[in-house]
Amino acid sequence: GSATRHRATVLCVGYQCDLALLDVDADDDNEPDEFWRDVAPLALTEALPALGDEVLTVGFPRGGDQISVTKGVVSRLSVHSYVRRYWALLAIQVDASINSGNSGGPTIAPSGDVVGVAFSHLRNSQAIGYIIPSTVVTFFLADYAKFGDCRFTGITCGVQTLENQSQRHYLRLPAAVKGVRVADVVPVGVWSSVLRVNDVITSVNGVDVANDGTVALRDAERVSWSYVLDSVHRGDTVRVGVYRDGAHHTLSVVAEYRHGLVPSIDGFDAHPSYAIFGGAVFAVLSIPLLRSAFGKEWSAKAPVDLLHALYTHRQQRVDDQRVVLLHLLASKLTVGYSVGLRAALLHTAQDVEVRHLRHLVDIVLRERAADAYFKFG
């Protein structure tokens, strides 16, 4: 290996899939050609490795400065949480040792082809590591080539499995109808125009959905039905099989990316913003904000009304946000309000329901009232 360090420019960050694309810079001392000199490229295969296949993980994990190579086998393929559990995509579980510093290193099959990229391990466990499969890497590169960034589209509705016989009886579903029930639909976005509550999604792009919410991956292997949507780019047409009112229908929708009501990933859909009125500091509710305010255990320590907004509230308008009182600064206007109001969910300003942070600012500026008041809860 070369002892020369090279600068690189970040071309694209795939926040949902934990990948980044870099371009080696040229400078006065080191040309980019030097970086690639005597380097043979590795082929990226889209074929998923089989269970039991041997793989090598390559990287620079902690414990030393030199390159590290570990060997293992493919243990499982499943839809796994990426990026602090806020997005789930197909992942390959291996028993090769993957530690801090391995992330971003290639995982290589005996054929010499790259089958994925190492990215995480399961804490408090033995020999459970995860790699990003080459299918996700290929999607990331294709999305960047087409749009200049990477965004997985997903589907903006909540679903429920149909394994419970009492529920199937209530919905009057024939035994032959299999799929997942649409429990709720976000009112904004393309999916709200085609899906209804109590629809049964029976297939996506021709792939049948089972009552437990899974689809066939390969012989004797099943994964979450969301896997089918992970290969759908913005602008692609998605065909959804639906059982509704006693009949089968095939619906079509043009896929789009739409962020949720509560932003989840710092730098992607969550950007720090705040407004201060008379010592009261307001901010947009987001998961990075909850983590900053309440630590790693924020899901257990944050106020119930904030968690309720996170898990149950739905966007009614495209620009909807949830605004919270983050902090009270020392001021004569905040005397006596220091107890019980930290991280309180804002409901109204001047008796007007607050839709988003900019709306809050507009209300206060429009009223220009010295006695502006806010209600929480």
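## Surroundings of Q93

Leaving aside residues up to four places away in sequence, Q93 touches V73, V74, S75, R76, I128, G129 and Y130, where contact means heavy atoms within 4.5 Å. Q93 is found in strand 5, strands (E, at least two residues) and helices (H or I, at least four) being DSSP runs numbered from the N terminus. With a relative accessibility of 7%, Q93 counts as buried, a class defined as under 20% relative accessible area, against over 50% for exposed and in between for partly exposed, with a 1.4 Å probe and protein chains only. The side chains of Q93 and R76 are joined by a polar contact of 2.7 Å, that is, a pair of N or O atoms within 3.5 Å, of which, within protein, one must be able to donate a hydrogen and the other to accept it, residues adjacent in sequence counting only if both atoms are side-chain atoms.

This is a predicted model, in which local features need pLDDT of at least 70 and side-chain atom pairs count only at pLDDT 80 or more, while totals for chains, interfaces and linings use all residues. Residues are numbered from 1 along each chain as its sequence is written, and side-chain values use heavy atoms, with hydrogens and water left out.

## The barrel

Six strands close into a barrel in the order 3-4-5-8-7-6, with antiparallel pairing; two strands pair if DSSP finds at least two bridges between them. The twist from one strand to the next averages 50°, angles running from 0 to 180 degrees between N-to-C directions of axes fitted to C-alpha atoms, for helices over the stretch in contact. Helix 2 (residues 134–147) packs on the sheet and touches strand 4, strand 5 (87–94), strand 7 (114–121) and strand 8 (129–133), its direction making about 45° with that of strand 8.

Strand 3 (residues 54–59) pairs with strand 4 (residues 68–82) in the antiparallel sense over six bridges, and the bridge partner of E54 in strand 4 is V73.

## Cores and cysteines

The largest nonpolar core has 38 residues, and those with the most contacts inside it are C17, Y82, I132, L290 and W298; such a core is a set of buried Ala, Val, Leu, Ile, Met, Phe, Trp, Tyr and Cys residues joined through side-chain atoms within 4.5 Å. Apart from it lies another core, of 36 residues, among them A109, C157, V238 and V253.

With a disulfide defined as a pair of cysteine sulfur atoms within 2.5 Å, the count comes to zero. The sulfur of C12 is too far for a bond, because the closest cysteine sulfur, in C150, is 6.0 Å away.
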